[in-house]
Amino acid sequence: MKIVEENGVTRYIADENDEVNQISDEQYVELYKQQIEQKATDFVKGQLSKLDYDNEGEVALYATNENSSWYDEAVALQKWIEEVYVKMYELEESVTIDNYSEIDLNKIEAEYPVFEKGAE
């Protein structure tokens with residue numbers, strides 16, 4: 001589902017068949033929160049891909065093996081992933097029908113901390 005249009009206080013979404021339906025304020029806020037979560041997930045996946053990790057599970061695996069050459073980086077990545085998701089939850093919790101427009105979903109990645117290789 002995606003947000004299609006706002007018309008005054010009436011909000012609309014399109015489903016997977018592009019059928020447009022009116023939704024309540026509560027549904028709109030929940031959809032906005034889902035989009036924040038998706039942006040965080042995509043942000044993490046993008047960073048892991050740049051560092052040649054397949055997924056968060058692979059990072060967790062390396063972070064448990066002190067003999068791995070990726071151990072230090074994996075531990076730092078796990079900490080960074082947690083920071084991203086903490087920020088995501090803070091953003092989600094802050095969304096209301098009155099303030100959602102202050103959170104620009106197209107620029108939300110800027111709200112998440114950047115992983116710096118070698119940083120503790």
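Me: A residue is buried under 20% relative accessible area, exposed over 50% and partly exposed in between (1.4 Å probe, protein chains only). Why is lysine 33 called buried?

Reply: Lysine 33 has a relative accessible area of 17%, and because buried means under 20%, the word applies. This is a predicted model, where local features need pLDDT of at least 70 and side-chain atom pairs count only at pLDDT 80 or more, while totals for chains, interfaces and linings use all residues. Residues are numbered from 1 along each chain as its sequence is written, and side-chain values use heavy atoms, leaving out hydrogens and water.

Me: Where is lysine 33 found, and what does it touch, leaving aside residues up to four places away in sequence?

Reply: Lysine 33 belongs to helix α1 (a helix is a DSSP run of H or I with at least four residues, a strand a run of E with at least two, numbered from the N terminus). With those sequence neighbours set aside, lysine 33 touches Glu92 and Val95, contact meaning heavy atoms within 4.5 Å. The buried residues of α1 also include Tyr28, Ile36, Phe43 and Leu48.

Me: What makes serine 24 partly exposed?

Reply: Serine 24, which lies in the loop between β3 (20-23) and α1, has a relative accessibility of 30% and therefore counts as partly exposed. Between its C-alpha and that of isoleucine 97 there are 10.0 Å in space, although the two residues are 73 apart in sequence.

Me: How do you know how α1 is oriented relative to α3?

Reply: Helix α1 (residues 25-50) packs against helix α3 (residues 71-94) at an angle of about 165 degrees, and their axes are 9 Å apart. That makes the two helices roughly antiparallel, because angles over 145 degrees receive that name, those under 35 being roughly parallel, 65 to 115 roughly perpendicular and the rest oblique.

Me: Which residues of α1 and α3 meet, and how do the residues of this contact divide?

Reply: Among those meeting are Ile36, Phe43 and Val44 in α1, and Trp80, Ile81 and Met88 in α3. The residues of the contact divide into twelve nonpolar, two polar and three charged.

Me: How does the reach of α1 compare with the expected one?

Reply: With 26 residues, α1 reaches 38 Å from its first C-alpha to its last, which is close to the 38 Å expected at 1.5 Å a residue. The expected span is 1.5 Å times one less than the number of residues.

Me: What follows α1?

Reply: Aspartate 52 comes after α1, and its phi is positive, near 65 degrees.

Terms used. Axes are lines fitted to C-alpha atoms, for helices over the stretch in contact, and angles run from 0 to 180 degrees between N-to-C directions. Ala, Val, Leu, Ile, Met, Phe, Trp, Tyr, Cys and Pro count as nonpolar, Asp, Glu, Lys and Arg as charged, and the others, Gly among them, as polar.
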